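Hi,

Here is the structure I promised to pass on. Have a look at it first, and my notes follow below.

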Amino acid sequence: MNSSNQKKRNFQIEAFKHKVVVDPKYADKTWKILEHAITEIYNHNASGLSFEELYRNAYNMVLHKFGEKLYSGLVGTMTLHLQEMAKTIEAAQGNLFLEELNRKWNDHNKALQMIRDILMYMDRTFIPSNRKTPVHELGLNLWRDNVIHSSKIQTRLLDTLLELIQKERTGEIINRGLMRNIIKMLMDLGSSVYQEDFEKHFLEVSADFYRAESQDFIECCDCGDYLKKAERRLNEEIERVSLYLDSKSETKITNVVEKEMIASHMLRLVHMDNSGLVNMLIDDKYEDLGRMYNLFRRVPNGLPTIRDVMTSHLRETGKQLVTDAEKLKDPVEFVQCLLNEKDKYDKIINLAFSNDKTFQNALNSSFEYFINLNPRSPEFISLFVDEKLRKGLKGVSEEDVETILDKVMMLFRYLQEKDVFEKYYKQHLAKRLLSGKTVSDDAERSLIVKLKTECGYQFTSKLEGMFTDMKTSQDTMQGFYAAYAAELGDSPTLVVQVLTTGSWPTQPSITCNLPAEMSALCEKFRSYYLGTHTGRRLSWQTNMGTADLKAIFGKGQKHELNVSTYQMCVLMLFNSADRLSYKEIEQATEIPSSDLRRCLQSLACVKGKNVLRKEPMSKDIGEEDAFFVNDKFTSKFYKVKIGTVVAQKESEPEKQETRQRVEEDRKPQIEAAIVRIMKSRRVLDHNNIIAEVTKQLQSRFLANPGEIKKRIESLIERDFLERDSSDRRLYRYLA
Amino acid sequence: MGIQKDRVRFNVGGKIFDTSATTLANAGRNSLFGAMFDENWDLQSGHSTTEHFIDRNPDYFAVLLDLLRTGELYLPSNMSEKQLYREALFYGILDHVRSAKWGPFDGNRLRLARSVTGRAPGDGTAIRAGPDGGCCVAHGSMVHVYDWMLEVHPPINLDYQRVNDAGWIDPESIVISACERFGTGDGGMGLFSASTGERRYKFHVSHENQVKSYTAGALSFSPDYKLFSSCKGRSNEYGIGVWDQVTGKQIDFFYEPPGWSLGEADKLQWLHGNNCLLVATLFPRKDNCYIGLLDFRDKSMPWSWSDVGAPITDEKRVRDAIAMEESSSVCVVNEYEDLGFMDLRRAAGSVRWSSRSRLMKGKMPDEPCYPKLALHEGQLFSSMNDSISVFRGPDWVLTSRLRRTYGGSICDFSIGGDRLFALHSEENVFDIWETPSPPII
């Protein structure tokens, strides 16, 4: 009876209701199925489940407005399972802890994926419109709250991770794969979990570790070793990040190592006794220097520290170099030392400092500083060039010539008094050209082109004029001999170089008396030259010429003597006399006495070149001396070159003179600069004029403020400028 | 053997379907098929001959399976679109249906897809296309929301005050701006859920640390989550307010400079390349037109134009304006649908009107609607009475015209989610224009 009653009720037709309410028991039943499935999934027992059925059930719950029940049920069930998992993890002993955590994390992830598959419809519809956390994110959050942040796991996890890293730092092997998985888990839970639960502590512990370690190292290592160790530590940390940490941690951990191992010990490292930066520089330790550069570059103020020490060392050694009295004796050696020093540092900057511009600038400014400490640097550099262009470049390839010239130009750039260099250069070039000593015309011209690009047309126009004169003279001589060939017969050969006044460094000199046959020839040339060029004046620079003489000595030894014009005049006198006193020679030739002394000295006192004999025998020339042809003169060579005794370097008075001429030449340049500036500015105060003039002229020389002031005064006197009537410091330009 | 393994058999509501795993893979991992055949569920192993039962309607399954096979959607006329959507949602492939339904937007290939009769009592003020193909229509004090399936969602209102503008922040959120009701704090601006119509928060205007009631006008949004609105308060709160879309907090306010109009602006347009906001206040809201670019960083107006003081004729009267960042110019339109241009790189001079023939002049409808402009991927759209013109090219030549005889003048239109929505003023109806999917060959 009972059963039939129930059956009856089953068939009962219910009254129509406006609202269709689905049986809450239906919802409970469906949820039980799903809950059971979730448990089975967590128990690795999912193979017996029907995906389609579970999906349909979850769909139905959402469809019939039980989304909230489904969602809260999910939260509850998952929380329970995670708490179970947390207990198992907590129970894991020692080393197994991380492995258990990793295993459970993998299990949870897999389960979460499957749960999300079942609840996909809820994830897509119910969750966004009710602003709930999506299933996947919810699963991560619950794992974080119930496992990672459980009181018995949180600190244990952190301590375990830090301990493993510490072990690895002290050389033990750890399971990096496991580390990577655990760290990856923290990152998956969100960057804040990774940062708060791991990274923050990791950085603190690392800072302590490296602070202590760097203290140990610095006490017992030399600078090079310390840097090697620091570099290794830095690379280890970078590798650690790439192996198992978040790549965003790299800058943070390297900052820690940099700060503790480098920044804190920077000065001590650089100045370390016997192994610091200066020693590395002296010994060309490219590897150590490179390491220092690369490490210091990473910390604030690192490179300036290296640069400052290098600069002060460079200035100090440079200063010693240019003021070394030994070095000053040989200008070529002096310049070669500068070049060597430059090469040395160029190489260091290239190999160790990755061609850093700021280091190159420091190098340049240091050179500029000490080269100009010695006022003779311009002269020496010109002498170096002279030496190279006279003989030094023989057998050297064109490229190497260029290299040497480029290096010289580099030194030239450092000079403040470029006009002084120009003066000397002109003198030396003139000598080279006139004596035909220059080895390579190409090299000469190449250097002039370089000077031109460096200093402008004005600087080299006269030098170029000298070359033009040489060329024109050749043509002139050809013309002369073509016109007078018949007439001249077997008279001596005359080669005249016509030098344009102003282009050449001529000294006012008195023409000496030439031998009769020569002066006749000279006259012929003069009339030929003036006949073709009207309105010109020729004056003979007998102090600059050379002559080749054929001489026959006592026992018939024939020699060809290569001598200066002065020497030629002297020797020619002995064609008609056996003995001549100093006075007689002086009267006959009218050679200035200082030149005459030098010329006689070289004819009579130099061993192996003494074509004359002197009484009394001595090294110096006295006014009472008498001279004879040295009949016993012998030489291995047919051609004998008799030099003139000249100091290669300038003598003190000559130096004074050159200096004075330089100063004189500067005056018009300073005045021109003042006028140019005032013409455009109209009114300017004293300090600004000084500044602008200095700036305009600095490519040629460093103008002396006192001299500028004098020039201003001179211009005021000549009514180019006037002082302002109210403000005496102001100058006005008068048109 | 390989073919055998690839084969999958479904029993859907009693009907057998044979298909391949590769076809099902087109559904993606986030679908029922993707989950079902994931290795976790251990379904594909070995039993390639067993069928998988799904308790759903087989007819719609057939349509959807065909969609997965071909990428195209074909629904027989005797089947319901709504039911198809429901089934697609069940399988998790609703997005596939949406993207197969219409093609990428091209103003010259548009076809009228549907007309929807609205349910609002008054005239429409604005229609706004949503990012995924839905739209919202503002009528009086109500905003009706339609998703891309053109299903109506619960309507939105802000204290039942008259709505001035509306806009989509994302497919789930709509902002509406409304008139204030003095003394009550009603009106202003609010952010609503598009699916439930629930209000998330209201945007406030503070002046000297006091919250003021205000009327919010035109709206604009920037990609860095800022929201701009013209604001008209009771005293000093005239100008453009800036809020954070995420937090709803006011972050800036550009006060209206004397002699200029910002608080009652008809149109705001954020220019991301210039980091400036275009603000246009136009006739008939004001006697004169004011168009300017605002730079909020230094509160300056780097570019501005106004017709104050110029002799005004109907031909010269600007009815709408739009900035075109690519050509650094501002396009304006008069009531005869003549386009005019101004250079944004030079301080504003005069409008260079293009001399298009005035086809419209002289045959005005009884209830004219003034032109509105829109820009979409290099195409310029201009509505005029009952048609929309499409312009393109360096000289903005007319390339197409969309017209429909039913519904009267177009009072507003909007482009978004690869659709164009046009709202008519006489009949309570709006049209949806779509680009058909490309031809088969």
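Starting with the interface: between chain B and chain A there are six residue pairs in polar contact, both residues at pLDDT 80 or more. A polar contact here is a pair of N or O atoms within 3.5 Å; within protein, one must be able to donate a hydrogen and the other to accept it, and residues adjacent in sequence count only if both atoms are side-chain atoms.

On chain B, the side that touches chain A draws at least two residues each from helix H3 (32-36), strand E3 (51-54) and helix H5 (81-91). H5(B) gives the most, with four residues. Helices (H or I, at least four residues) and strands (E, at least two) are DSSP runs, numbered from the N terminus.

Before I go on, the bookkeeping. This is a predicted model, where local features need pLDDT of at least 70, side-chain atom pairs count only at pLDDT 80 or more, and totals for chains, interfaces and linings use all residues. Residues are numbered from 1 along each chain as its sequence is written, chains are lettered from A and ligands numbered from 1 in the order in which they are written, and side-chain values use heavy atoms, with hydrogens and water left out.

Back to the interface: the contact (heavy atoms within 4.5 Å) takes in 22 residues of chain B and 21 residues of chain A. The two chains bury about 1900 Å² between them, 62% of it on carbon and sulfur atoms; that is the accessible area (1.4 Å probe) lost on putting the two parts together, summed over both. B:Asn40, B:Trp41 and B:Phe90 supply 34% of the area that chain B buries against chain A, more than any other three residues.

The rule finds one salt bridge across the interface of chain B and chain A, meaning a side-chain nitrogen of Lys or Arg within 4 Å of a carboxyl oxygen of Asp or Glu. A:Asp117 and B:Arg29 meet in a salt bridge through their side chains, at 2.9 Å, N to O.

Now the sheets in chain B. One is an open sheet of four strands, antiparallel, in the order E15-E16-E17-E18 (two strands pair if DSSP finds at least two bridges between them). E15 (215-222) and E18 (250-255) of chain B each have a single partner strand, so one side of each is left without a neighbour in the sheet. E16 (226-232) and E17 (239-244) of chain B are joined by six bridges, and B:Ser229 has B:Gly241 as its bridge partner in E17(B).

Another open sheet has three strands in the order E2-E1-E3 (chain B), with mixed pairing. E1 (7-12) of chain B runs parallel to E3(B), with four bridges, and B:Asn11 stands opposite B:Phe53 in E3(B).

Cheers
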